Amino acid sequence: MGVFEAVRTVLAVRSYQDRAVPAEVVSRIAEAARLTASSQNRQPWHFIVVEARAALRQLGALCTSGPYTADAAFAIVVGVNADSRSGTADAARAIQSMVLTAWEAGVGSNWVGIARADEVRTLLGAPSTLNLVAVVPFGYPARRAGLGKKDRKPLGEVVHRGRFGVPFA
Ligand SMILES: Cc1cc2nc3c(=O)[nH]c(=O)nc-3n(C[C@H](O)[C@H](O)[C@H](O)COP(=O)(O)O)c2cc1C
């Protein structure tokens, strides 16, 4: 799958098959995060791979906007050092690397925001100096994704040519 094709077709996947993702695919997804560029190459991040079903259930219970995390094959919790000024941007880029790498392997995922950060930190033994940015659950999609059917603003509304307000196309 080419890069643009992955970007064009990837969708938020919120329900998963009860099927394990091969260890090499899990490792490749984690490697994609590690290889991502960050501001000044500071790499202010940590990625906690959660695979145990009991832990995924507990994580799902804490993710009010992503309870389906409980049913994922695995999840990766992304945190950044609290003193990092670019941490959220760096983490967002690493998350996109993981989402696209997973998608190429047929694995769906989604960004889940973290409301109960203290409890998630306690669950995972993470220090208070780690700002949690997102939980990313992964798994083979339970339903066939509507490839490329995206609900997005038209190009002319958000892309400008030369000056703001001049539609690119
Ligand atoms: C920064 C960010 C935060 C998000 N938070 C959540 C979330 O907490 N729960 C959830 O189910 N989806 C979350 N999403 C997924 C978006 O709702 C989803 O990508 C968007 O509605 C577009 O849908 P699509 O990706 O299927 O085209 C988040 C996405 C981003 C980029």
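This is a predicted model: local features need pLDDT of at least 70, side-chain atom pairs count only at pLDDT 80 or more; totals for chains, interfaces and linings use all residues.
Let me begin with N41, which is exposed, with a relative accessible area of 52%, where exposed means over 50% relative accessible area, buried under 20% and partly exposed in between, using a 1.4 Å probe and the protein chains only. Residues are numbered from 1 along each chain as its sequence is written, and side-chain values use heavy atoms, with hydrogens and water left out.

N41 sits in the loop between α2 (23-35) and β1 (45-50); helices (H or I, at least four residues) and strands (E, at least two) are DSSP runs, numbered from the N terminus. The phi of N41 is positive, near 55 degrees, although N41 is not a glycine. Q43 belongs to the loop between α2 and β1, and Q43 too is a residue other than glycine with a positive phi, of about 50 degrees. As background, most residues other than glycine have a negative phi. Q43 counts as partly exposed, at 37% relative accessibility.

Now to the ligand: which residues are around it? They are L11, A12, R14, S65, Y68, N110, W111, V112, G113 and R152, with a residue taken as near when one of its heavy atoms lies within 4 Å. Sorted by class, this shell has five nonpolar, three polar and two charged residues, where Ala, Val, Leu, Ile, Met, Phe, Trp, Tyr, Cys and Pro count as nonpolar, Asp, Glu, Lys and Arg as charged, and the others, Gly among them, as polar.

A polar backbone atom of W111 is 3.3 Å from a nitrogen atom of the ligand, and a backbone N or O atom of G113 lies 2.9 Å from an oxygen atom of the ligand. The ligand taken alone exposes 630 Å², of which the protein buries 56%, these areas coming from the Shrake-Rupley method with a 1.4 Å probe.

Finally, L100 lies in helix α4 (residues 87-104) and is buried, with a relative accessible area of 18%. The C-alpha atoms of L100 and V10 are separated by 7.3 Å, although these residues are 90 apart along the chain.

Methods: A polar contact is a pair of N or O atoms within 3.5 Å; within protein, one must be able to donate a hydrogen and the other to accept it, and residues adjacent in sequence count only if both atoms are side-chain atoms.
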